[in-house]
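Me: I would like to go through this model and ask, for each label, what it rests on. Please set the values beside the definitions.

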Amino acid sequence: MTYSIVARDPETGRFGIAVQSHYLGVGPVVPWLEAGVGGVATQASVNTSFGPIGLELLRAGRSAAEVVAALVASDETPQVRQVGVVDRDGGAAAHTGSETIPAAGHLVREGFTVQGNLLERDSCWPAMAEAYQSALAAGLPFVERLLRALEAAEREGGDVRGRQSAAIQVVDRDLHPAAWRGRLMDIRIEDHPDPVPELRRIVTMQHAYDLLDEGGEAAQAGTGAAERYARARELSPDAYELVFWRGVELAVEGDLAAARRELAIAFAADARWRTTLQHLADASREGVTPDLAELLLGSED
């Protein structure tokens, strides 16, 4: 009793799934992704085994259509199942059982599939497809396209029972020896009165954190630390941990005036950041010595 999108980004080759349901913790159940392999969304009267088995078939080189056919053929009650699959080449396929609770259905398009069941109306999944394709045509980032697909379903009424949980996962284009290294985003809202906006909020915060990652895409593209930090603060002004660590970074670099300004913001938000700085000094971690902490925690005069 869910709606979801499974997609391969034609620009980066990454795979993603976004999902919402009036169900506690949809994230561990519906989306199944593996870097360099593809994605499976299993829902309706969910057969969770469709996820790992579908990925195993994709790993073996089966196409999305072959995977869906195999999953349906192996199931005792396919008439109550719904599944969407995208393979490593961007092939997409889906199945909606004849006894899936309405409104229910799916649309398969180039590089993605959208599907839903027990929805308010049968315009939900077409609206998802339209939103995703429009965002793609506009050149918007992959994660933004996935979020817009969920928001489009919400505008059409979404899950007829209401809202509870949502999730978004993105994995890399290429296989990784350690599978966890290929997982680029995995954000879950397990229980919330309005999970899709909350999902967007947390995704935005994740983007802010990613900007400050020295190994991240923005840093690798040559964007300076100051510019990345300013953008991160715009995206997530209440992420005071970012402010604190930027202050520490500036202090270690020797810019005490700028460090004090940033740390003062964090200290004003929560006095425990002062204690955190002292603990770093006590342990001589992250370049913070007792003498440096004394300078930062003392008066600016």
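Me: What share of the contacts in the chain with a separation of 6 or more comes from residues 24 or more positions apart?
Reply: Residues 24 or more positions apart account for 55% of those contacts. Contact means heavy atoms within 4.5 Å. This is a predicted model, in which local features need pLDDT of at least 70, side-chain atom pairs count only at pLDDT 80 or more, and totals for chains, interfaces and linings use all residues. Residues are numbered from 1 along each chain as its sequence is written, and side-chain values use heavy atoms, with hydrogens and water left out.

Me: How many helices and strands does the chain have?
Reply: The chain has 11 helices and 10 strands. Helices (H or I, at least four residues) and strands (E, at least two) are DSSP runs, numbered from the N terminus. The C-alpha atoms fill a box of roughly 75 × 40 × 35 Å along the principal axes.

Me: Why is Asp87 called buried?
Reply: Asp87 has 7% relative accessibility and so counts as buried. The cut-offs are under 20% relative accessible area for buried, over 50% for exposed, and partly exposed in between (1.4 Å probe, protein chains only). Asp87 is placed in strand E5. Leaving out residues up to four places away in sequence, Asp87 touches Arg8, Phe15, Val37, Gly38, Leu58, Arg62, Ser63 and Ala64. Of the 301 residues in the chain, 48% are buried.

Me: What makes E3 and E6 edge strands?
Reply: The open sheet has 4 strands in the order E3-E4-E5-E6, with antiparallel pairing. Strand E3 (31-34) and strand E6 (92-96) each have a single partner strand, so one side of each has no neighbour in the sheet. Two strands pair if DSSP finds at least two bridges between them.

Me: How do you know that E3 pairs with E4?
Reply: E3 and strand E4 (residues 38-44) are joined by 4 bridges and run antiparallel. Glu34 has Gly38 as its bridge partner in E4, and Trp32 has Val40. The two strands form a hairpin with 3 residues between them, and Gly36 in the turn has a positive phi of about 75 degrees.

Me: Which residues have the most contacts inside the largest nonpolar core?
Reply: This core has 29 residues, and those with the most contacts inside it are Ile5, Met128, Leu146, Ile168, Leu199 and Val203. A nonpolar core is a set of buried Ala, Val, Leu, Ile, Met, Phe, Trp, Tyr and Cys residues joined through side-chain atoms within 4.5 Å. Strand E1 (2-8), strand E8 (112-116), helix H3 (124-137), helix H4 (142-155), strand E9 (165-171), strand E10 (183-189) and helix H5 (195-211) each supply at least two of its residues. H4 gives the most, with 7 residues. Another core lies apart from it and has 20 residues, among them Ala251, Ala259, Leu280 and Leu292.

Me: Why are H5 and H7 called roughly antiparallel?
Reply: The axes of H5 and helix H7 (residues 225-235) come within 8 Å and cross at roughly 165 degrees. Axes are lines fitted to C-alpha atoms, for helices over the stretch in contact, and angles run from 0 to 180 degrees between N-to-C directions. Angles under 35 degrees count as roughly parallel, over 145 as roughly antiparallel, 65 to 115 as roughly perpendicular and the rest as oblique. H5 and H7 are therefore roughly antiparallel. Thr204, His207, Ala208 and Leu211 in H5 meet Arg228, Arg231, Ala232 and Leu235 in H7.

Me: What makes H9 and H11 roughly perpendicular?
Reply: Helix H9 (residues 256-269) and helix H11 (residues 290-297) pack at an angle of about 70 degrees, with their axes 9 Å apart. That angle makes H9 roughly perpendicular to H11. Leu256, Ala259, Arg260, Leu263 and Phe267 in H9 meet Leu292, Leu295, Leu296 and Leu297 in H11.

Me: Is Ser284 buried or exposed?
Reply: Ser284 has a relative accessible area of 52%, so it is exposed. Ser284 is in the loop between helix H10 (272-283) and H11, and has a positive phi of about 50 degrees although it is not a glycine.
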